[in-house]
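Welcome! Take a moment to look over the model below before reading on.

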Number of protein chains: 2
Amino acid sequence: MREQFVSYIKNLQDQITAKLEAIDGKATFKEDLWQREEGGGGRTRVIENGNVIEKGGVNISEVHGPLAPAMQQYFKVGDVDFFACGLSLVIHPKNPYAPTVHANWRYFELYDKSGAIVDSWFGGGQDLTPYYLFEQDARHFHKTCKAACDIHNPLFYPKYKVRCDAYFYNPHREEARGVGGLFFDYCKKTPQMQIKDWYNFVTQIGDSFLDAYLPIVEKRKELPYTKAQKDWQEIRRGRYVEFNLVHDKGTLFGLKTNGRIESILMSLPPRVQWRYDHQPDPGSEEEKLINVLKNPIDWV
Amino acid sequence: MREQFVSYIKNLQDQITAKLEAIDGKATFKEDLWQREEGGGGRTRVIENGNVIEKGGVNISEVHGPLAPAMQQYFKVGDVDFFACGLSLVIHPKNPYAPTVHANWRYFELYDKSGAIVDSWFGGGQDLTPYYLFEQDARHFHKTCKAACDIHNPLFYPKYKVRCDAYFYNPHREEARGVGGLFFDYCKKTPQMQIKDWYNFVTQIGDSFLDAYLPIVEKRKELPYTKAQKDWQEIRRGRYVEFNLVHDKGTLFGLKTNGRIESILMSLPPRVQWRYDHQPDPGSEEEKLINVLKNPIDWV
């Protein structure tokens with residue numbers, strides 16, 4: 001399973017970066033190969049200052065070794081070894097009408113000190129963060145997620161959609177980070193789902209990503225926009241930073257367990273503004289977005 | 001003591017905002033009075049888009065009520081009532097040669113359910129975050145801090161200077177937030193220092209703030225700078241955000257205990273950039289700053 005999923009995410013990284021470069025038409029991904037002292041490493045690919053993509057990263061990593069004490073506590077396990085691999089991506093388009101997207105698909109194994117597997121699971125998801133709300137875009141993204149889920153189990157989409165809304169939430173702002181998508185974790189062997197079935201499910205979601213996101217970018221990437229709309233995008237990107245640095249478990253664990261900082265923080269937007277007590281005008285498009293972020297919608 | 005310190009911070013807020021408006025010459029502070037549901041409130045004053053100050057806040061608050069469970073855990077006390085008041089300020093100048101400054105002076109009391117005081121202490125400090133290093137500015141700031149400390153105890157400056165370096169540190173970047181200053185907390189009654197003596201000490205530091213900071217701003221506010229230098233300031237302000245949102249205890253407790261969000265997050269810089277793996281040129285002024293942040297200096 002390790003080799004199979006590593007091979008999958010390597011191929012998927014190639015596919016996604018190739019398609020994103022094609023849609024951008026100007027910038028290309030810069031690749032950094034890195035090694036982790038305690039075992040494993042990664043292939044970070046970052047794109048900046050494109051025609052379409054202002055900043056984005058599509059990273060894979062494959063790390064292993066003794067599980068750090070902070071992670072032992074978190075997983076409620078003892079002194080075990082681990083293997084983890086996954087693909088993480090965040091794309092921040094230039095055009096404020098084109099939404100930011102985040103996705104992650106990952107696989108974990110835990111071993112006792114004799115090297116026998118004691119646990120394994122998949123996790124991941126994908127979610128959309130618009131700056132202006134096009135309901136058809138949110139519906140398209142969610143429908144694509146649902147279609148991929150439904151192939152495996154009709155209960156998955158409603159379950160993982162709700163978890164996504166709950167997870168990508170800024171309690172201190174009382175609003176969601178975006179319009180959601182899917183979020184699942186600890187997808188372990190059950191009587192109904194072997195680990196191989198979870199592999200099939202997670203790779204189905206991974207395969208759906210470009211269909212879920214690219215048509216939205218195609219539609220929005222050349223819409224004309226004003227300086228004020230770009231400012232709004234940068235202000236909203238401040239909320240993205242607040243979520244990632246205050247609440248996101250992956251980011252915080254990465255920072256606290258000696259992860260590769262530049263690969264973890266590639267998720268942070270290129271330009272951000274914080275203005276004191278900024279409020280959108282009543283009845284504006286900006287306010288319309290906030291209302292949806294405060295009250296998650298059933299998009300399909 | 002409560003009344004005395006509240007009255008002190010009210011006056012100090014007036015003094016500081018008046019002097020900052022005078023040095024800015026264009027923008028004025030916007031005042032927001034707010035109330036806290038559970039008891040108390042505050043007077044937030046924020047300035048934006050000035051000639052000299054790009055964004056800044058000088059806030060006082062005076063809050064009381066039952067101590068939140070998260071704070072009970074943090075202070076290692078049971079179900080007690082509390083009173084807390086303080087002045088917090090952060091000033092982000094426009095000119096990248098003028099440093100950001102942060103200061104905070106605060107007083108806490110804890111009470112048992114009969115209303116009797118069971119504990120009380122002062123805390124606070126002030127620290128400087130330059131984007132370009134002028135050694136004379138760092139020395140001036142530290143000398144002013146030391147002179148205020150020395151009036152009370154010659155051991156205070158070395159002790160609180162080292163604590164400041166330790167506290168305002170981004171471990172994930174292996175660098176200090178800035179060139180430091182003073183940081184002290186839990187300044188409680190001892191055989192040598194009555195609570196009144198701590199009041200005298202903390203107000204001495206508060207009184208030294210304008211002398212420590214304003215002459216630096218005066219010297220740097222009109223130096224010509226390039227777009228690249230402004231970009232560097234915005235990139236470094238990303239590190240300021242990383243510290244405040246990932247590590248700063250005051251910010252995190254505020255966000256998690258239903259504080260007034262806009263008053264807490266006034267500390268965030270107006271404009272920030274994150275570029276992937278940005279490294280200053282070898283031998284540049286930018287690299288000179290980083291070297292000092294990685295190896296704190298004894299400035300006096």
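How many helices and strands make up the secondary structure of chain A? Chain A has 9 helices and 10 strands, where helices (H or I, at least four residues) and strands (E, at least two) are DSSP runs numbered from the N terminus. This is a predicted model, in which local features need pLDDT of at least 70 and side-chain atom pairs count only at pLDDT 80 or more, while totals for chains, interfaces and linings use all residues. Residues are numbered from 1 along each chain as its sequence is written, and chains are lettered from A and ligands numbered from 1 in the order in which they are written.

**The fold of chain A**
- The radius of gyration of chain A, taken over C-alpha atoms, is 19 Å, close to the 19 Å that the globule rule (2.2 Å times the number of residues to the power 0.38) gives for 300 residues, so chain A is as compact as a globular protein of that length.
- Its C-alpha trace spans about 60 × 40 × 35 Å along the principal axes.

**Where chain A meets chain B**
- Here, 23 residues of chain A are in contact with 23 residues of chain B; contact asks for C-beta atoms, placed from the backbone, within 7 Å.
- On the side of chain A that touches chain B, H6(A) gives the most, with 4 residues.
- The residues of that side divide into 14 nonpolar (Ala, Val, Leu, Ile, Met, Phe, Trp, Tyr, Cys and Pro), 2 polar (the others, Gly among them) and 7 charged (Asp, Glu, Lys and Arg).

**Strands across the two chains**
- S10(A) is joined by 3 bridges to strand S10 (residues 271–273) of chain B, and the two run antiparallel.
- Val272(A) has Val272(B) as its bridge partner in S10(B).

Conventions: Contact = placed C-beta atoms within 7 Å. Pairing = 2+ DSSP bridges.
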